[in-house]
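Open the model in your viewer and keep the selection tool at hand. Each stop below says what to select and what is there.

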Amino acid sequence: MNKIFTFSILFLACTILICMYRAIKGPCAADRLIAINVIGTKTIVLILIVSFLLNETYFVDVAIVYALISFLSSIVIAKFIEKSGGKNI
């Protein structure tokens, strides 16, 4: 069972790196925003897997707070993109 979770952690870490590439090299600001959202979501899943593996419930609280911060930052970035007219930033 732990091998499956270990593989999941490694796979998510690799896909986060791919999303980081897209966030840096994205052709437009909207692509960068989506990549940042995907990175945030995958990080939350990683935190929850670690919480399950270590049998610690306080990591769930950390994941919830991280989700709220990620959501708020997405809204702020989207407003910034909207004000700039959707130009490549």
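Select Leu 46 in this predicted model. Leaving aside residues up to four places away in sequence, Leu 46 touches Ile 9, Leu 12 and Ile 16.

Next, select Ile 16, one of those contacts of Leu 46. Ile 16 lies in helix H1. Is Ile 16 buried or exposed? Its relative accessible area is 9%, and the cut-off for buried is under 20%, so Ile 16 counts as buried. With residues up to four places away in sequence again not counted, Ile 16 touches Ile 39, Lys 42, Thr 43 and Leu 46.

Widen the view to the largest nonpolar core. Which residues form this core? Select Phe 5, Leu 12, Ile 16, Cys 19, Ile 39, Leu 46 and Ile 49, the seven residues in it. Helix H1 (2-25) and helix H2 (29-54) are the elements that give two or more residues to this core. H1 gives the most, with four residues.

Now select the cysteines Cys 14 and Cys 19. How many disulfides does a search of the whole structure find? The search finds zero. Cys 14 is in no disulfide, and the nearest cysteine sulfur, that of Cys 19, is 11 Å away. A disulfide needs two cysteine sulfur atoms within 2.5 Å. Cys 14 has 45% relative accessibility and so counts as partly exposed. Cys 19 is also in no disulfide. Its relative accessible area is 14%, so Cys 19 is buried.

Move on to the pair H2 and H3, and select both helices. They pack at an angle of about 175 degrees, and their axes are 9 Å apart. Angles over 145 degrees count as roughly antiparallel, so H2 is roughly antiparallel to H3. Sorted by class, the contact of H2 with H3 has 18 nonpolar residues, six polar residues and no charged residues.

Finally, select Asn 55, which sits in the loop between H2 and helix H3 (58-83). What is phi of Asn 55 near? Phi is near 60 degrees, a positive value in a residue other than glycine. The cut-off for exposed is over 50%; Asn 55 has 68% relative accessibility and therefore counts as exposed.

Definitions and conventions:
Residues are numbered from 1 along each chain as its sequence is written. This is a predicted model: local features need pLDDT of at least 70, side-chain atom pairs count only at pLDDT 80 or more; totals for chains, interfaces and linings use all residues. Side-chain values use heavy atoms; hydrogens and water are left out. A nonpolar core is a set of buried Ala, Val, Leu, Ile, Met, Phe, Trp, Tyr and Cys residues joined through side-chain atoms within 4.5 Å. Buried means under 20% relative accessible area, exposed over 50%, partly exposed in between (1.4 Å probe, protein chains only). Contact means heavy atoms within 4.5 Å. Axes are lines fitted to C-alpha atoms, for helices over the stretch in contact, and angles run from 0 to 180 degrees between N-to-C directions. Angles under 35 degrees count as roughly parallel, over 145 as roughly antiparallel, 65 to 115 as roughly perpendicular and the rest as oblique. Ala, Val, Leu, Ile, Met, Phe, Trp, Tyr, Cys and Pro count as nonpolar, Asp, Glu, Lys and Arg as charged, and the others, Gly among them, as polar.
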